[in-house]
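Let's take a walk through this structure together, starting with its charged pairs and ending with a pair of helices.

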Amino acid sequence: MSFRPFTSESYAQDDRPEAWRDVLAAVGLQPATGHSFFDGHATASHRHAAGVALTRLAAGAQSVGPLSQANDDLPIALMPVEDGMVLKSAGGHRIVPVGHLVLLPRGGDWSIAFQRDMRAIVLAATSEALHGRLSGKPRLGEPRVVPPGGFAEIFARLLDATARTLDTLGDVEWNAVSQALVDLLLTLAHQLAASTSDAGSSVTQAALLHRICQTIERRLDDPDLVPARVALAERISERYLQKLFETVGDNFTHYVRERRLQRAWADLSNPLEAHRSISEIAYAYGFGDSAHFSRAFRHRFGLPPRDFRQQEAERATAQHGVTGQRGWPQDALARAHQSNAEARSNVTRTGPGEPRTAERRHHHLPVEASRVHWGYFSRSLPPQIEIASGDTITIETLTQHASDAPDMMIAGDAAAESVFGWTRDKKNVDRRGAGPMDASVFGRGAGEGFGVHICTGPVAVKDAQPGDVLEVRILDIVPRASRNPKHAGRVFGSSVAAWWGYHYNEFLGGPKPREVVTIYEIFDDPDEPHARALYSYRWEPQTDPFGVVHATYDYPGVPVAPATIKRRHAVLDGIRIPLRPHFGVIAVAPREVDFIDSVPPSYFGGNLDNWRLGKGSTVYLPVSVPGALLSVGDSHATQGDGELSGTAIECSMTGTFEVILHKKADLAGRPFADLSYPLIETETDWVLTGFSHPNYLAEFGAQGQSEVYAKSSLDLAMKDAFRKMRRFLMNVKGLSEDEAIALMSAAVDFGVTQVVDGNWGVHAIISKRLFQDAP
Amino acid sequence: MKHFTLPVSPKTVHWGYFSKAVAPALTLRSGDRATIETLTHHANDDYERMIQGDPGAESVFQWTREHKAVARRGSGPVEGPFIRGAGEGIGVHLLTGPVAIEGAEPGDILEVRILDVRPRPSCSACHAGRCFGSNVAANWGFHYHDLIEEPKPREVVTIFELDTSGEPYAKAVYNYVWTPQTDPDGIVHPTIDYPGVRVDHATIRKRENILASVKVPARLHFGTMGLAPSEADFVSSIPPSYTGGNIDDWRIGKGARMFYPVAVPGAYFSVGDPHAAQGDSELGGTAIETSLTGDFEFILHKKADLAGTNLEGLDHPMLETDQAWSFYGFTYPNYLAALGADAQTEIANHSSLDRAMRDAFRKLRRFLMTVHGLSEDEAISLLSVGADFGVTQVVDANWGVHGTIRKNIFRCD
């Protein structure tokens, strides 16, 4: 398959501009002169066939121009999606809105500026795609903007639909679609060339020739396809017809024969046409005599048709396991890496010898309504507290599932009562989720529950700036005991098999579907910490204090009324689940739009749901906003890899953290240099976090917060984890790509982090033991 | 109880396929034990270190213009002309066996206990007593279409030495980029497309000092172990399926107990694809492929006795270790049945972790409900908080996700 995904995540920061340049070059573009390439996140999907290349680009603001100096091939078609762009050419500046199509000459003095994000589909075809067909070479002197409507719209829609399905089209399907796209592009280019006001006679001639070639194409089966009849149909003289072909250095008879042979060649190599006999194919292209066809074919292609077909069939079989894919031209990258490898291998380890400021302070951040943000992250939240690098801080967190058993997990606890406080008249924490405050989407409540986690914070870190790395060490985690005198000292948690769980669409028994809450008791005894189930119940519609009915678990913190549910005791009898206390959510504020749903994890951390984030572990997060704005929440007593039902054993806990800021300038040579994702370090391992969409906000733009739920897959997350681990081994450990891949096969363990948080996760674990002998 | 020995020889191996039609190399009874030698099919990546002087290996790999000791390699055609060779390399693993179990019938479960696993030392003069393995970043690897350095694409062989003097580990010796190799029958192999082709070391460029100071902890195990399926006479050894096969889980080593559903009379157990170490996912396409010898014990569980045991309702492979049970989810749990006549090649077009995850979830849920008597709601809650899902492999066409549940969860009190 000729599909090729690209993501800047594969590359070390220094190598990204060159890699991106290659992506652009594949569709005849390059960064516009005088514009520095941005070094942020970029993704592309690319597919090519003979002479055709289609790419869907998603990257940050930038300008691009033509790669070539000459203007001797088919124009490039470019279509902005989601955001407009500015076209600069001799004709001045023009704004090109979404959905408009631009046809760009291969060379010349033009550029396109994407002022916000670059999101575009680009189709580049060369005459190789015509398989010998005469295009009449439509020449555009100037870029042309084509508004939607009519023929252009059909073209645009096909482009868009194709770009969306690039990775799933079979080879045969892709070949057919790419040919159709080239045909549409040609036709549109001819129309535009002909409509140019200063079109000379040569343009008219070219358009006429194009039309004649199309006529020929339709009538190749006609053995009596002679110049006289074609000329008659076009109402021109036979002599003029011949002259038209002479303008492109060909003649009618030769052209028709070439086209017939080319089409026969295509059919003979197409597995879908395998059922047709060779003489049938010959006849279909106007060869009445198969011996004559055989001779002509051999003369043209060097092989008799039978042998050619055999050879193609064998090649297809041989390639079954090894698809003939050739990648981006990136030899420059390999060279750059080689020269850097030496320098990079000298990496210093993180360790207790960290330089610290003389005065380290300890802080305490208790939880209460005014100190939490519920269901979202935001760069615009005022910090609760400011701490300095090297300080320690104790942060109390509450589970958003405390309301599943308010009597056990809220009652008597002033802090929890304040956060969950909700009466007919007053809701202490109104916004829950990143949705609209007026609940105009589903009517569930303020924030719409687009994001569910109670996060304590944010904590500002003094001097933190975008580009820095924040190291968060988890020194301790202590479960929060019930303050209800009835249950004093006991610890409880809740696990919900919810509608967002992996199992939800395939229940074996009825009622289908259903949501089930299991309440656990946590026994934090030092020898064998474990959890045991106390009781469970099916979710029943709950009416919140404002009168909204929640038929499913669609809004966090709705207190469950004991009278509405039926408790089932003796569940998971005799089963003890070992504890793995950890924080599901540790985040710094994302740089993007104001309110970000807390559910999908991404580059800024967030809902990582990896149980390895427990006591003794460290997470490194790339700082995106001044002050970093650290938030913590979603505490879990234990969770399995996968978090299958949608939640862990959700249990309020208090953590103590040491927070260390690493300034951008000091990152070189550290394991977390060039960090664009949350990196976890445990006592024994490095754990790299892969996601279906490593930076879904940048990749999908405005639609990100919904698209990420629709487009998650373990296959994508596995790819991301692979790329991150390769980059880590190459850049941090100084290995070559071949060494890195050998090591990934032999010693890196890939596991499923979660399949329930929208942006599904696969993590890659490498033991530090492998490198213990390293200098 | 009897103890048998099954050495490797052209008569005791079959190459690249499972088969109910091959005569058993050994027949034994439930409760018997056997020491079984296995060879890695990658030994020819470095003939001198892994074959030379070893009578067993030399006999199996022998291939000259006149004589090819094991002609069929794979489940493909055995009548020429060949694109790659007899069997066409549709299946690549050198398997020792089959071992027939007296009285085994479809519906029974065969338990195979791995009592011990030992590396097979080199016999060549220069390297005698030392143990070597080969890791190949191959064309079927997960990385192959996503390389960043040139040349693209490329296949890379890394030779490792296994050190068992203390805590066992593997260390890289050298690596090389695969170059087209011509086999004794004159067929050129531009990529690694047929097993057992001797690499002519005059055609490659060895790069030393690679993975310097990196020690890969050893995890000796058998990548491929399983029973003959009933669906076809010759079944590619690459995609794992309901009778086991190429599961490629490094936990299937010493101390492991594997359970397989018997599909044909006699069960027909085969073992091979020995590995010195592998990570979860086997990303580049192979592990550190190293010839090993194992001691096995075979226990037949008759269909009538399964009710009320851990094996009730088991129709797929299961692993039991001292700590945990593991279940293997595949893209297609039984791809032979699901994909029809062309299943053995078609499966490569459907590889997906998403489907494998789904399958692993279903198998674990079934186990918890059938064997542990949990309700569906209990099972699902427990899967979320007490079971771990990991990527077994993404390189064997029928991709795998395993689900593991710890035994200490069920410690009643």
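**Salt bridges and a helix pair**

Across all chains of this predicted model, a search of the whole structure turns up 73 salt bridges. Side chains of opposite charge can pair when their charged atoms come close.

Let's begin in chain B, with Arg113(B) and Glu297(B), whose side chains form a salt bridge at 3.9 Å, N to O. Arg113(B) belongs to strand β7 and Glu297(B) to strand β21, so this pair ties together parts that are 184 residues apart in sequence. Arg113(B) is partly exposed at 26% relative accessibility, while Glu297(B) is buried at 11%.

Next, look at Arg257(B) and Glu320(B), where the closest N and O atoms of the salt bridge are 3.6 Å apart. Here the partners sit in strands β18 and β22 of chain B, so parts 63 residues apart in sequence are tied together. Arg257(B) is partly exposed, with a relative accessible area of 26%, and Glu320(B) counts as buried at 8%.

Salt bridges also link residues into a network, whose members include Glu506(A), Arg514(A) and Arg538(A) from chain A and Arg358(B), Glu376(B) and Asp377(B) from chain B.

Now turn to chain A, where the axes of helix α2 (residues 150-164) and helix α3 (residues 171-195) come within 10 Å and cross at roughly 150°. The two helices are therefore roughly antiparallel to each other, and their crossing is left-handed. Among the residues that meet are Phe151(A), Phe155(A) and Leu159(A) in α2(A), and Trp174(A), Leu181(A) and Leu188(A) in α3(A). By class, this contact has 12 nonpolar, three polar and no charged residues.

Conventions
Residues numbered from 1 in each chain as written. Chains lettered and ligands numbered in written order. Predicted model: local features only at pLDDT ≥ 70, side-chain atom pairs only at ≥ 80, totals over all residues. Heavy atoms only, no water. Axes fitted to C-alpha atoms, helices over the stretch in contact; angles between N-to-C directions. Helix = DSSP H or I, 4+ residues; strand = E, 2+ residues; numbered from the N terminus. Parallel < 35°, antiparallel > 145°, perpendicular 65-115°, else oblique. Left-handed = near helix turned anticlockwise from the far one by under 90°. Contact = heavy atoms within 4.5 Å. Nonpolar A, V, L, I, M, F, W, Y, C, P; charged D, E, K, R; others polar. Salt bridge = Lys/Arg side-chain N within 4 Å of Asp/Glu carboxyl O. Buried < 20%, exposed > 50% of the residue type's maximum accessible area, 1.4 Å probe, protein only.
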